[in-house]
Amino acid sequence: MSAPRGAEPAARPSNTRPGRRALGVAMLSIWAVAVLVVGAALMAPHVVALPVPAPDARLALAMRSLPGATAGRWSALHVLYEGCGCSARVLAHLMARRARTDLNEQVLFVRDAPHADPGVEMTAVRARGAGFGFESVTPGELEQRYQIEAVPLLVLADAAGHIRYSGGYTDKSGAVEVDDVPIIDGVRSGRSVEARPVFGCAVSSRMQEAIDPLRIKYSRRNER
Amino acid sequence: MKRVLSYLALPAEISDFERQYLARLNRIALVFFACHLPLFVCVALLAGTSIVQTLILTPLVLVGPFIASRTMTNPRHLSVVFGFTAMCMGGLLVHFGKGPMQIEMHFYFFTLIALLAVFGNPMAIVTAAITVALHHLVLFLILPSSVFNYRASLWAVGVHAAFVVLESVAACFVARSFFDNVIGLEKIVKKRTDDLRLVLDNVGQGFLTINLDGSLLPERSAIVDTWFGPFVPGKVIWEYVAGLEAGVPEWFHLGWESVVEDVLPLDVAIGQLPRRWKIGPRSFSLDYRPVLADGKLSKMVLVISDITAELERERFEAEQRDFLRAFEQIAKDKKGFQGFFAEGSEIVSRIIGAEGGGSELRRQVHTLKGNCALFGLSRLAAFCHDLESGMAEENGAISTADRARLGEMWGTFGAQLRALVGREHTSLVEVERAEYASILAALAGDVAREEIAWRIRSWEFEAADRSLSRLADQARAIAGRLGKPAPTIAIEANGVHLLPERWAEFWSAFTHAVRNAVDHGLETPEERASAGKPAKGALQLRTSLENDDFTIEISDDGRGIDWQLLRQRASTMGLPCATEHDLIEAMFHDGVTTRCQVSEFSGRGIGMGAVRAVCERMGGAVHVASTSGAGTTVRFFWKDMLRRMDPIVLGPRFPAVALAQGAAPIANSVAAAVAPLEASAVMRT
């Protein structure tokens, strides 16, 4: 037994007027497109493989001019960026393993401010304490001197000052392992080591504009 | 493809159950996704991601479902919006949880796709999958080299996508199964219920379901609407059913309160509810079926049957039974029955015409009831019994409707009677063949002309033994109904003749004395045996004319009057009870009875008062003599009856002496009667 035919509960009276519904659909459409675009823009920096500098003479010259660089000694340059999560992870790794004695290891730390602030100074103290050479530069100086636009980047120069490696630290974005030691050992032992992509942060304005056209990630340098 | 689409797209109809389910689930989903904001803040803190981004981007994703919940009326559409939202939230988690755990955060997509199955709508899952695809498409448009440039091989990307597709397919299957077998179950039940209702709606009974507060639930059969008008959900039943007799709604309301108060046992409380409704010309019987939950009443199913036709049939059958009994009575004693009918018609006229109440009206009703019962008119007797009960509650008055009903019933009975015996020929005089021959012989002989005239005049009178025989039959009938053996009845009429139309009222009332004798006087066989009496009681009915004084007497050999009990009852009613005379007076007082319960025959204490009232109206008096254990005699006595100008009693012989002594009234009467009789009498043999 149930309610007889014709006595079904009436269709739910809509408390939403057609105009309001149409407005809702329009707003939802805009919202969906916006969220999709923003989502894609957010993802791009995570997955894009950033460019590495060409191992040309200019970079080789810059490597030879590194503090502590001497003839007959290999040099390793760790280019890291203030506020870049991947750079921080690499820096932490380096601090943990400390600098190797069989080569000259330098940390080139990119800062946003024109001058080193206490944070940068603290990083310098920690790096030097771990045996690394340390220098901080602005993004502009980095691009001008090294032609580097994205970090974290590892550059290896042999005893003759030739660039033997220029690339990232890991095979995949967000990878846990930092492969600097296998890379250094591989290159020094003469094996062919393929350059890893750089998954991290764009440093130059041009590169930031390219991978973050909506300026979500790089809208302000201290919010990366 | 068409089959796939029909599988993914649900049927357009949304049942109440699904609507309620999705409304609740959509609310939960909105809260669930809103809770992502604090979660993402925590994740951002742990992963070192921007809190500001978290506080901006998460609400941005929440805007969509919020707008949808405010503008969409179709709950399924809102569920689809949540499919889109889910993937966006998954993306935010991956973004905010960057670092070593970022890759693990992708599992949340699979979790969310699985969770979307609870909406029972494959389109929510398809939307989620499409959202992921669109995301990558837009990413490709923004950064054409981005999709495959993280060195993932094509097969790795393919496996990645395959997992999403595979889970989406599985989730769609689960969602559709959930819809078909759980949400859709309600539709299956509804269809079966519709089939069952089709049956219920086509039976003669109506079904109503009542909530504990008396309000109507939607479950009912269609015929209820036909009977009682359009259904009003939530209205209490005693207000919904219009046209009930006065007092019935209040009765139902009070009875229902008793049912739900749970003070009385449930069956007892239900027993106090009305069992019948009368609405206009229709009658309904009610049957209450409690629905219990955990031993407590949760609702009540009211089974209603239209018994109008059944009652009409019962009424017709009762009428036919009464008619048959009347036929038997007429065949047995036509004159007596006609006399009863004539007197009954008088009583009915008096009852209908009476104003207000009073003891006289009660006596009339009581007399009519008794005579109807004796002559087998059970419906009329029962109706009079109900009238008496109603009079007791209404200060002795009878409602206009009841008077009309009595008139209608009596009229119906009269019409049947006339159809059976034809109109009463009051102008005819019946005479037995022996009397006819005797008169002829008298005319041929030397019998005085006055005596012949007297004998012809006596033809209008009825021999008292016929009246007494009638009463004897009634006494036997009463005894039978009371479960007593038929008493031995002695009739002693002493040749008395009575003018029927003048004595009809008395005989009508005299039945009370007969009933009293049989019901109150005669003991049960067991009592009689223990008292050393024969099992059968004995009655004597007697008329006599002695020295112009006329007596009608009824005697029994029963238990006698219980004077002690009578004294108590009289005392209770504030009546004098000091002497035997007081007690006899009390016995004739309305309402005084030695019975504790009112029965069909006696117990109201009205009958004896009625018969004495008639006796006294006719100029008589009543004497009572009773001996405990030996019996009672009630004697109705009229002094100088033969000396009246208008004789209503004749003795067995021509009163020559009385005439010689100057009994002028009779002589004059006879002389007056002879002329018209000689002119127009038609004698029957």
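Which pattern does chain A follow, read along the sequence? I read α-α-β-α-β-α-β-α-β-β-β-α-β-α for chain A, with helices (H or I, at least four residues) and strands (E, at least two) taken as DSSP runs numbered from the N terminus.

The model is predicted: local features need pLDDT of at least 70, side-chain atom pairs count only at pLDDT 80 or more, and totals for chains, interfaces and linings use all residues. Residues are numbered from 1 along each chain as its sequence is written, while chains are lettered from A and ligands numbered from 1 in the order in which they are written.

Chain A. I noted seven helices and seven strands. Of its 224 residues, 42% are buried (20 or more other C-beta atoms within 10 Å of the residue's own, C-beta atoms being placed from the backbone).

Interface. I looked up contacts (C-beta atoms, placed from the backbone, within 7 Å) and found 49 residues of chain B touching 42 residues of chain A. On the chain B side, helix 4 (51-71) is one of the elements giving two or more residues, and helix 4 of chain B gives the most, with ten residues.

Sheet in chain B. I found five strands in an open antiparallel sheet, in the order 2-1-5-4-3; strands pair if DSSP finds at least two bridges between them. Strand 2 and strand 3 (276-279) of chain B are at the edges with a single partner strand each, so one side of each has no neighbour in the sheet. Strand 4 (residues 282-293) and strand 5 (residues 296-306) of chain B pair antiparallel over ten bridges. I also located Asp287(B), which stands opposite Val303(B) in strand 5 of chain B.

Terms used
Two residues are in contact if their C-beta atoms, placed from the backbone, lie within 7 Å. A residue is buried if 20 or more other C-beta atoms lie within 10 Å of its own, exposed if 12 or fewer, and partly exposed in between; C-beta atoms are placed from the backbone.
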